[in-house]
Every structure is written in structure tokens, then in C-alpha cells.
Amino acid sequence: MYDVIVIGAGIIGGAVARELMRYQLSVCILEKENDVATGATKANSAIVHAGFDAKEGSMKAKMNVRGSHLMEKNAKELHVKYKNNGSMVIGFSEKDEEMLQELFQRGVQNGVQNLRLLTGSEAIALEPNLNKNVTCALYAPTGAIVCPYELAVACVGNAMDNGAHLIRNFEVKAISHRDGCFIVSDGKQQAAARYLVNAAGLFADEIAKMAGDCSFHIHPRKGEYLLLDKTEKPQVSHTIFTTPTKMGKGILVSPTVDNNTILGPTSEDALDKTDTATTANGLSSVLKRVPDMVDGVQTNTVITSFCGLRAVGDTGDFIINNPIPNFINAAAIESPGLSSAFAIAEYVAGLLKKAGLALYENSGFNPNRPSYHEFRQLTMEEKNKVIKKDSAYGRIICRCEQVTEGEILEAIRRNPAAADLDGVKRRTRSGMGRCQGGFCSTFITELLAREQHVDFGEITKCGKGSKLSLGKTKEVRQ
């Protein structure tokens, strides 16, 4: 039996599990998919928001501002790419200016540091490629960008390196309470713990109901994005927003930490919690807005599009509470959830302590974790030394992103081990370049099959129902 089970291995579940490993606890993470970071964490704007948008006094506001403050330190410990590039909300009318004034006052009350209201000319001085019709802007220098799925993988991996246990392909079907502990079942296997943390994203309301809490409902909100090739140098250095609406923060144009440009998202309420299909209308609406914000963005350099689903609750705020004994919700964590992750983890640990869980410091906890990308960051001399020790680092597998066989093997062998093609992609960026895996996928599949001691045809793109090979077309005679 574990002390704590965390349901969900996205950025929130991963950050909570890592935080709990700072104490002398046995922790298990249950994830229904074949890998971590496969839900909202893998498909969002990758923005660390400053904290001026959330309503004063709300849980979102408190967690956002604290989480934004904690992000750089944690990203550094986990060797995850982070850039404090600042953000800017731009306006074009008196109505927009009134909205920016409101956001400024809200940000000040929320405790956001160094916010500034700019005239149109001041905004263009900072970002020369802004649409010349800009009349006003809100500048937040504490805004930043990060890689969300890389951060979640690192959190889960660091938690595992410090003793946490991860069980994948465990879709919770039932939760019961017996003899002072929760029994969590997927219909085939069970896991038991004295305390339960619900970080199940879009499905957090369903998990809560199984545990006996029927106080909230979650629905998905679709957001469609486009990503530009690295050959298209970002036209802005800051993250550029338009004024927000009740549906979200609006369309953005932003560089990524990997030097692409991201455009989007749309914002459309939906019913299906599994529908991540992009639409012609959605992507077209993004492309139409971009010239109104930034001049010179070459939208013909799009290399991929994707859709993320945000977990929108019916309370209008994050739901982080202890509704029944020993059960903690970390639910309805929509934007700014990524920004808030480490603050939420702290808060959840505090709720567990209030609920009776003894938190004794783990003196052996190591918060540091080397990057998957360290090899490509070395000098040529350093790379040659590594290659002399392990020749796999001398073989390029992904030409677009310059990823070596050695890095891919490390991703397959290291906590949490990549078990499918998308898992390798999230850890190493192989398959994320211009050809989108057209060249490297076969080679990576061969490496996965070899390392897992299975047939080539058993390897999947992203778990159950996504086989890459339907069978052999010919026999090769020796």
C-alpha cells in the first residue's frame, strides 16, 4: 500500500508527485495512457503567464503568480528549456485601452511585478513587426515560455528517480474505500493508498464521482494551433496577445523555446473529451487574425497543426480542495495551469498535511535532473569525447532536429522510459522538424523494438490502437 496515489501524469500530476518526493513518502502515479504528458500538457500554448488575467483573489490568480515565480528555478533544476521573453497584450481602440487598464489594475492587485501600460509607438519600439495600427499595449516582463511536455516528463522522471512508482495504461474504473485506504481499480489490477490526489485533467470530474464527490463538472474547450518551420525566423521576441474574452486569452503569436513560431489557439466549447481533430474553419480563423497582430509572418511555412483540449470547470476557477477525507482534487486546471503547476503542487502538499498526512523531510531528495538535450549543447570537442565512449552518439537519426541514436536510446531507457514513437518524440524532438518524422520514424521504431525485445510490428505511435505496421509485405531470406 502506498501513502499517496496521484491519478494523472500530466504537468499537474507530475509536479505534485515530485513535490511529495521531498518527503518520506511512498507515492504511485497512475496514468491511463501509454505515456506521461499525453493530455492537455502536450498541446497548449507553452506560455508561463505573468498573472494579470485571472480575477483578483481567485485560486487561479494566487496559483498563477506564485507558479510563475517558481517556474524558472524548477525548470533550471530539471534542465528544461525556459526563456523569460516577456508578454504583451495589444489593443487597437478605446475599448481595448479600457480593457488593458482593467488588466493592469487586476495584475497589480494580483501581485504581478513591473507591469507597464504602453502607447502604440512604445509597443512598436519594443516589437517593430507589430501591426502599425496598434494604439496601446500592456507589457508584462515576467511572462515566459517553456516546453510543457518536456517539463512534465522531467517532473515524473525526477519523482521516479527519487522513488516514486509509475503505472501506465491504468485507466481508473472504480474507487472504493476500505480499512482506512482507497482501493483504485482498472478492472484488472488494483492499487491502494491512504491518500488520493485527483489530477486527471479532463476526466477529473469522473474520478471525483468515483470517490464520492459530485460537486463539479468539467467540459472540454478546443484550441487549435499552427506551428511554423524554424526557417521562418520569429517575427516577435515577446509573446503577443490580443485582448481577452470570456472564452480565453485570445489568439497569440509567440516564439517557442525551440525557435519555432506558434500561432493560436481558437477557443470553442465541445462535448467530446477525446476529440482533438483540427478543422479547416478553426485553422483558417487563426491565420486570418495573425496579420492583424504581427506583420510579416510567413504562414506558408506551417509544418504542423494540432488541437488541445482544456479542462474547463463549472465554477470559473481552479478546483483544488479536500471535499472528502484523505481525497484531494486538483481539477479544472485550465489556463493558466501550466504556469501554476509548481504552486499547485505546493498547495496540494499543504492540503495533504492538513488532512493528516505526516510530511517528514526526505534528506536524500535530489531535485536535479540532467537534460535529454545535453549532447547537442556540447562543444565539438566534448561531443567527440562522448562519441569515443559510445559510438551511438555519432549516428544522426533525426536529420531535421539533429538527434542522435544515443539520445534516443537514452530516452527509451531512462525514467519515465519512452515506450512508443510519440514518447521518443516528446523527449528528444525527433520527428518534430520539417519532415515531421518522414525520415526518422522507421529507424526509431527499430530501436524501440530492439530495446523492448518485441517485433517491429508491435511498436505503436501512441499506445493502444495506433500500430504503425499492419504486417510484413515480404520475407527476407538470409
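This is a predicted model: local features need pLDDT of at least 70, side-chain atom pairs count only at pLDDT 80 or more; totals for chains, interfaces and linings use all residues.

Trainee: Okay, helices then. Which residues of α6 are buried?

Mentor: In helix α6, which covers residues 204-211, the buried residues are A204, D205, I207, A208 and A211. Seen down the axis of α6, they fall within an arc of 160°, so these buried residues line one face of the helix.

Trainee: And what do the buried residues of α6 pack against?

Mentor: They pack against strands, among them β1 (2-7), β10 (174-178) and β12 (190-198), and the list also includes β13 (218-228), β19 (319-324) and β20 (327-331). Just after α6 comes G212, which takes a positive phi of about 110°.

Trainee: What about α12, how far does that helix reach?

Mentor: Helix α12 runs over residues 441-452, and from its first C-alpha to its last it reaches 16 Å, close to the 16 Å expected at 1.5 Å a residue. Its buried residues are I444, T445, L447, L448 and A449, and what covers them includes β21 (396-398), α10 (405-413) and α11 (421-428).

Trainee: What follows α12?

Mentor: That is H453, whose phi is positive, near 60°.

Trainee: Switching topic: in what order do the strands of the open sheet come?

Mentor: The three strands come in the order β3-β8-β4, with antiparallel pairing. The strands β3 (47-48) and β4 (82-83) stand at the edges with a single partner strand each, so one side of each has no neighbour in the sheet.

Trainee: How many bridges are there between β3 and β8?

Mentor: There are two bridges between β3 and β8 (residues 144-146), and they pair in the antiparallel sense. Within this part of the sheet, V48 stands opposite A144 in β8.

Trainee: Last one, H238. Is that residue buried or exposed?

Mentor: H238, which is found in the loop between β13 and β14 (239-242), has a relative accessibility of 8%, and because the cut-off for buried is under 20%, H238 counts as buried.

Trainee: Which side chains make polar contacts with the side chain of H238?

Mentor: One is the side chain of E127, joined to that of H238 by a polar contact of 2.6 Å, and another is the side chain of S237, where the polar contact is 3.3 Å. Leaving out residues up to four places away in sequence, H238 also touches a set of residues including N85, G86, S87, L126, Y139 and V253, and E127 belongs to that set too.

How values were computed:
Residues are numbered from 1 along each chain as its sequence is written. Side-chain values use heavy atoms; hydrogens and water are left out. Helices (H or I, at least four residues) and strands (E, at least two) are DSSP runs, numbered from the N terminus. The expected span of a helix is 1.5 Å times one less than its number of residues. Buried means under 20% relative accessible area, exposed over 50%, partly exposed in between (1.4 Å probe, protein chains only). Contact means heavy atoms within 4.5 Å. Two strands pair if DSSP finds at least two bridges between them. The arc is that of the directions from the helix axis to the C-beta atoms. A polar contact is a pair of N or O atoms within 3.5 Å; within protein, one must be able to donate a hydrogen and the other to accept it, and residues adjacent in sequence count only if both atoms are side-chain atoms.
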